[in-house]
Amino acid sequence: MTGAREIPRYQFLTNHAQVLLCVAHDPGIRLRDIAEIVGVTERSAHRIVSELVEDGYVARERVGRRNVYKVKSELPLRHSLTQQTEERRIGDLLEVLLGKDGRESARPQRQRTI
């Protein structure tokens, strides 16, 4: 072994959590961009966003030809482990991962080419 660490094959956050972070960071993000950032197909990104909307964790509003999303940060996390000592909300997770206002990105900004 040369001292270089191998990158683990697992992730700490599910694809649903990663999509939620994308939407919280950029409410006007396109599905194509979500798919690229999360590393899934555009179809998978659409399915995940639709599930989050259907379950009430994200609101979707059509503005012109684009969708604008709003994360319902006041809703509880769904895992029983987070509910054992006190109720945890979606906003608590976003605050930890994205910063106080939910828009301070934990991921680098992509450069757009013209």
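A: Happy to. Rings of Phe, Tyr and Trp (its six-membered ring) pair if their centres lie within 6.5 Å, with planes under 30 degrees apart stacked, over 60 edge-to-face and the rest tilted. Searching the whole structure turns up one aromatic pair. Y10 and F12 form this edge-to-face pair, at 5.5 Å centre to centre and 90 degrees between the planes. Y10 has 54% relative accessibility and F12 has 75%; both count as exposed, because the cut-off for exposed is over 50%, with buried under 20% and partly exposed in between (1.4 Å probe, protein chains only).

This is a predicted model, where local features need pLDDT of at least 70 and side-chain atom pairs count only at pLDDT 80 or more, while totals for chains, interfaces and linings use all residues. Residues are numbered from 1 along each chain as its sequence is written, and side-chain values use heavy atoms, leaving out hydrogens and water.

Now the interior. A nonpolar core is a set of buried Ala, Val, Leu, Ile, Met, Phe, Trp, Tyr and Cys residues joined through side-chain atoms within 4.5 Å. The largest has 24 residues, and V19, V23, I34 and V71 have the most contacts inside it. Two or more residues each come from α1 (15–25), α2, α3, β2 (66–71) and α4 (90–98); helices (H or I, at least four residues) and strands (E, at least two) are DSSP runs, numbered from the N terminus. The largest share of this core, six residues, belongs to α1. Contact means heavy atoms within 4.5 Å, and V71 touches, among others, L20, V23 and L94, leaving aside residues up to four places away in sequence.
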